[in-house]
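Here is a short report on one protein chain. Please look over the sequence and the structure before reading on.

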Amino acid sequence: MCFFLTMNLRSTPESAVIKIGTDSITPKVIAALAAQVAQTRKHVDRLAIVSSGAVQFGRMDQGVKKRPDETVSDQKFFAAIGQPLLMAAYTREFKKQGISVAQALVTWDDFDSRSIRAQLEGVLNRCFDSKKPTIAILNENDVTADDELVRYTDNDHLTVDVAELIDADAALFLSRLNGVRRNIRDPRSRIKTVDYGDDSWLQWIKESKSKNGKGGMKTKGKYVRELTEQGRDAIIASARIRNVVPRVLIDGDDIGTHFLPKQLGKQP
């Protein structure tokens with residue numbers, strides 16, 4: 001399962017989930033991500049993407065910015081507009097790489113259902129094994145999610161479920177910042193490695209959400225903990241670093257913050 005020994009001594013994972021947040025997504029980043037995933041898939045057999053951004057693409061289409069008084073109905077409306085626009089951007093860029101895109105919109109209820117989980121697993125396996133290269137891109141189905149019941153707090157939460165479904169060795173969170181910093185203004189204060197069970201890094205994180213999305217660095221802390229508890233490596237890195245995906249997943253470069261899983265990190 002675990003593939004990192006240190007950031008510079010490791011073997012390539014067999015399976016991984018890449019999650020990209022709303023604040024990181026631009027047409028330029030999507031184009032770069034498609035090229036990086038095409039390169040990475042030559043080494044990582046089972047690779048899936050969890051992508052935010054539908055609501056923000058919808059806002060941009062409507063010419064509005066996120067507001068403090070934005071309602072759930074507003075977000076569902078923007079998601080309904082933005083999801084096809086987001087997928088069109090992904091489809092266009094992956095087509096240039098000779099890769100088909102498979103869309104999967106899911107809710108918490110889907111993962112709570114044994115039969116639906118099995119169906120989703122079957123589709124993902126077809127993507128991994130398809131004769132023509134195919135990448136699955138998952139997102140929460142904001143339009144139909146039942147907000148009166150349990151729902152995903154953000155796509156960081158969904159990433160944990162997808163990682164478990166495909167038995168991922170690693171989860172790479174692409175964010176605005178290149179990992180966790182002791183001083184938000186100083187890139188040199190980056191925390192490179194966090195041992196399993198060590199929560200001291202949380203003291204450097206403020207309770208805040210992303211600018212346009214639902215998550216944030218502190219939210220990631222909760223789900224990073226779940227991933228490492230399951231024995232999976234988790235990495236938070238900047239989406240804007242050149243070739244960040246293959247450099248992390250294939251080369252093991254010292255990028256972002258690497259959270260060691262239960263089997264490798266020091267026990268608390």
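The report below goes from the whole chain to its sheet and then to one helix pair.

## Overall make-up

This is a predicted model. The chain contains 8 helices and 10 strands. It has 268 residues, and 53% of them count as buried.

An open sheet is built from 8 strands, with mixed pairing. Their order is S5-S6-S4-S3-S7-S9-S10-S8. Strands S5 (100-106) and S8 (193-194) are the edges, each pairing on one side only.

Inside that order, S9 (residues 233-238) and S10 (residues 257-259) run antiparallel and are joined by 3 bridges. Ile235 has His258 in S10 as its bridge partner.

## Helices H6 and H7

Two packed helices are described by the angle between their axes and the distance between the axes. For H6 (residues 155-165) and H7 (residues 217-229), the angle is about 10 degrees and the axes lie 9 Å apart. Angles under 35 degrees count as roughly parallel, so H6 and H7 are roughly parallel to each other.

Which residues meet in this contact? H6 brings Asp156, His157, Val160 and Ala163. H7 brings Thr219, Lys220, Tyr223, Glu226 and Leu227. By class, the residues of the contact of H6 with H7 divide into 4 nonpolar, 2 polar and 3 charged.

Methods:
Residues are numbered from 1 along each chain as its sequence is written. This is a predicted model: local features need pLDDT of at least 70, side-chain atom pairs count only at pLDDT 80 or more; totals for chains, interfaces and linings use all residues. Side-chain values use heavy atoms; hydrogens and water are left out. Axes are lines fitted to C-alpha atoms, for helices over the stretch in contact, and angles run from 0 to 180 degrees between N-to-C directions. Helices (H or I, at least four residues) and strands (E, at least two) are DSSP runs, numbered from the N terminus. Angles under 35 degrees count as roughly parallel, over 145 as roughly antiparallel, 65 to 115 as roughly perpendicular and the rest as oblique. Contact means heavy atoms within 4.5 Å. Ala, Val, Leu, Ile, Met, Phe, Trp, Tyr, Cys and Pro count as nonpolar, Asp, Glu, Lys and Arg as charged, and the others, Gly among them, as polar. Two strands pair if DSSP finds at least two bridges between them. Buried means under 20% relative accessible area, exposed over 50%, partly exposed in between (1.4 Å probe, protein chains only).
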